[in-house]
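Take a first walk through this structure. Keep the sequence beside you as you read.

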Amino acid sequence: MPEIRLPITTERLVLRRFNGGDLDAFHAYHSLPDTARFLPGPAKTYTQSMERVGRYANFVFEKEGDWVALAIEAAERPGLLGEVVLKWLPGEGQAEVGWTLAPAARGKGYGTEAADAVLSLGFEELGLHRIEARLDELNHASAALCSRLGMRLEARHIDKWRYKGQWATELVYAILAAEWRIGAAR
């Protein structure tokens, strides 16, 4: 797998490796029940946030199961807005993309811009064939983001997960490298 060159810049964003200075901002949004609603597990404690930021800061992307975890910040104003991740899945050229944004960063297109940059990384730099996103059916904002990225809804798994005291239906969105290139050319 090629080396990942950081930071990645877009029109409005910088995607970079996490560092210790991100801890308080990361915890501020990951400790909120609203943020945790569509993430596995409850809202994070400060210790859990420290562990996660440490893992994200020291990510390696060398084998199946590894994650690229990038801090999202505005180019003109440093400060953590959220994260975008790419997980290397089993099977040749397969990955999963995900994102979490601080409440103040939501609804501004940052998630779409960051996720599109990670799709570009996956397809153009890493040579991936297929990238998917898995989300709770009730997560309408992420479903809309997937659609903006040109991902198609491939599956709806009814009552797939039992978490936070209820059953959740999983949606699987995906895009192939060839499809992404057609959309990127437009």
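Predicted model: local features only at pLDDT ≥ 70, side-chain atom pairs only at ≥ 80, totals over all residues.

Start with helix H4, residues 110-125, and helix H6, residues 177-185. The two pack at an angle of about 125°. Their axes lie 10 Å apart. An angle over 145° would count as roughly antiparallel, and 65 to 115 as roughly perpendicular. H4 and H6 are therefore oblique to each other. Their crossing is left-handed.

Which residues meet there? From H4 come Asp116, Leu119, Ser120, Phe123 and Glu124. From H6 come Ala177, Trp180 and Arg181. By class, this contact has 4 nonpolar, 1 polar and 3 charged residues.

Stay with helix H4, which also holds Thr112. Is Thr112 buried or exposed? Its relative accessibility is 16%. Buried means under 20%, so Thr112 counts as buried. Beyond its neighbours within four places in sequence, Thr112 is in contact with Leu145, Arg148 and Leu149.

Now turn to the rings. The structure holds 7 aromatic pairs. One of them joins Phe18 and Tyr56. Their centres are 5.2 Å apart, with 55° between the planes, and the pair is tilted. Phe18 lies in the loop between strand S2 (13-17) and helix H1 (23-30), while Tyr56 lies in helix H3 (residues 46-57). The pair therefore ties together parts that are 38 residues apart in sequence. Both Phe18 and Tyr56 are buried. They also belong to a cluster: ring pairs link Phe18, Phe26, Tyr29 and Tyr56.

Notes:
Residues numbered from 1 in each chain as written. Heavy atoms only, no water. Axes fitted to C-alpha atoms, helices over the stretch in contact; angles between N-to-C directions. Helix = DSSP H or I, 4+ residues; strand = E, 2+ residues; numbered from the N terminus. Parallel < 35°, antiparallel > 145°, perpendicular 65-115°, else oblique. Left-handed = near helix turned anticlockwise from the far one by under 90°. Contact = heavy atoms within 4.5 Å. Nonpolar A, V, L, I, M, F, W, Y, C, P; charged D, E, K, R; others polar. Buried < 20%, exposed > 50% of the residue type's maximum accessible area, 1.4 Å probe, protein only. Phe/Tyr/Trp six-rings, centres within 6.5 Å; stacked < 30°, edge-to-face > 60°.
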